[in-house]
2 protein chains.
Amino acid sequence: MWRLHQFPLCPFSRKVRFTLAVKGLAVELVHCLPWEKPEGLLALNPAGQTPVIALDGLVIADSSAICHYFEETVERVPLLAGTPEERAETRRLTAWFDHKFYAEVTAPLLSERMYKRLYTRTAPEAATLRTASRAAEMHLDYLDWLLERRRWLSGSAFGLADVAAAAQLSVADYLSGLQWDGHEPARIWYSALKSRPTFRPLLGERMEGLPPPDHYDKLDF
Amino acid sequence: MWRLHQFPLCPFSRKVRFTLAVKGLAVELVHCLPWEKPEGLLALNPAGQTPVIALDGLVIADSSAICHYFEETVERVPLLAGTPEERAETRRLTAWFDHKFYAEVTAPLLSERMYKRLYTRTAPEAATLRTASRAAEMHLDYLDWLLERRRWLSGSAFGLADVAAAAQLSVADYLSGLQWDGHEPARIWYSALKSRPTFRPLLGERMEGLPPPDHYDKLDF
């Protein structure tokens, strides 16, 4: 069985886990905190980051490389479907959530509300949280705009952009970084994802010592 | 003809331009500075970043989406060749240079040595430059390590990882961020790239008011 090195609030591990579930693949989870620089992780991935997936000596690091690998080797539920132009739009939006949303929302929330609470035991910076909150609002507006025009993020079919977005949003939501009020299109889309048996199990996991808000794993939020 | 919105020191635009040249495609360049938030750029790419490429109403944003699009639509010189496992390694290393090298080396150099010099007219932070310099040294060591084992970065064939790495390194080198002494494998590999007619023209371009060091476009450096 594939072994995935990850931790519960790693958004890129969530993207890979959601992809694996959609593709119908079982995986053994290895709990791994990159900031502790565990030797096992560095031996598998010199970048020192989660996720890394391994099986019988084959090692794949980087969520984009991992998701493309399973997209190319498992036909079930294509996540990069359609024409090259449609795939370009899926990849553009996947990159939007992997990099822009992560840098502006998820990363500051992880730093201020997870790392400081659990590791350095210091208070979060209010100014950083305010900036992340404004960015989150902008991203939810953009989600609304897209979902008023399309059933799924990059078009008529569920795909990798939805997976990447759900992964980032679910971590931001766990860390109380999203205000869903006034974002009906985004809320309806996220509610549909939350009810999926391929995504739902992720919402049951907890980072020890850091509980999520009450609405976090509820379908009605 | 495709129109590419870019600026001379945008490493992701360089990655796209090198890819287009390798694929044998001509492109019209549109000079575009993202930090000035030009309306034309925002209309094409809500993320507000270069590169964006457009032709007859088709718009593709994000260097990864653009490179995959041309890889899928132009057969000449495959940049993601081989087995799914070999492609995973190419994608891992492409992500390494696109994200890790960029965050640790190119982005701080662009901020301290380009943006502050040309726009805010303030002095660069010495501590930031020292950190970037240490990171650059680590990345050159990693390049050496890879190139002692492989002809090209991700294996026996030239591919997208070489393109992505050359794009980042050339911008870092323009900004005097690389010390090549003691990095023979990396230097030989980069020298081979510098001599390619598909890459060489990029090295002739200048950012106005910001000259590169003398060795920058020389094959012997």
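This is a predicted model: local features need pLDDT of at least 70, side-chain atom pairs count only at pLDDT 80 or more; totals for chains, interfaces and linings use all residues.
Arg91(B) and Glu72(A) are joined by a salt bridge, in which the closest N and O atoms lie 3.1 Å apart. In total, 4 salt bridges are counted between chain B and chain A. Polar contacts across the interface amount to 7 residue pairs, with both partners at pLDDT 80 or more.

On the side of chain B that touches chain A, three elements of chain B each give two or more residues: the strand β4 (58-61) and the helices α3 (63-73) and α4 (84-120). The largest share of this side, 10 residues, is supplied by α4(B). Sorted by class, the side of chain B that touches chain A consists of 12 nonpolar, 7 charged and 4 polar residues.

The extent of the interface can be stated in two ways. Counted by residues, 23 residues of chain B are in contact with 23 residues of chain A. Expressed as area, about 2000 Å² is buried between chain B and chain A, and 64% of this area lies on carbon and sulfur atoms. Within chain B, the residues that lose the most area to chain A are Glu72(B), Arg91(B) and Arg92(B), which together account for 23% of what that side buries.

The arrangement of the two chains was examined next. In general, two copies of a chain are related by a rotation about an axis and a shift along it. Here, chain B is superposed on chain A by a rotation of 180° with 0.0 Å of shift along the axis, at an RMSD of 0.0 Å. The two copies are therefore related as by a two-fold rotation axis. In chain B, the C-alpha nearest this axis belongs to His99(B), at 4.4 Å from it. Both copies use the same surface, and 100% of the contact residues of chain B recur in chain A.

Two domain annotations are recorded for chain A. An unreviewed UniProt entry lists residues 1-78 of chain A as "domain: GST N-terminal". Over residues 1-78 the chain is 37% helix and 23% strand, and the end C-alpha atoms are 22 Å apart. The annotation "domain: GST C-terminal", also from an unreviewed UniProt entry, covers residues 83-213 of chain A. Over residues 83-213 the chain is 68% helix and 0% strand, with the end C-alpha atoms 40 Å apart.

Technical notes: Residues are numbered from 1 along each chain as its sequence is written. Chains are lettered from A and ligands numbered from 1 in the order in which they are written. Side-chain values use heavy atoms; hydrogens and water are left out. Contact means heavy atoms within 4.5 Å. Buried area is the accessible area (1.4 Å probe) that two parts lose on being put together, summed over both. A salt bridge is a side-chain nitrogen of Lys or Arg within 4 Å of a carboxyl oxygen of Asp or Glu. A polar contact is a pair of N or O atoms within 3.5 Å; within protein, one must be able to donate a hydrogen and the other to accept it, and residues adjacent in sequence count only if both atoms are side-chain atoms. Helices (H or I, at least four residues) and strands (E, at least two) are DSSP runs, numbered from the N terminus. Ala, Val, Leu, Ile, Met, Phe, Trp, Tyr, Cys and Pro count as nonpolar, Asp, Glu, Lys and Arg as charged, and the others, Gly among them, as polar. UniProt positions are given in the numbering used here, feature names are shortened, and annotations may be inferred rather than shown by experiment. Copies are superposed by least squares on the C-alpha atoms of residues with pLDDT of at least 70 in both.
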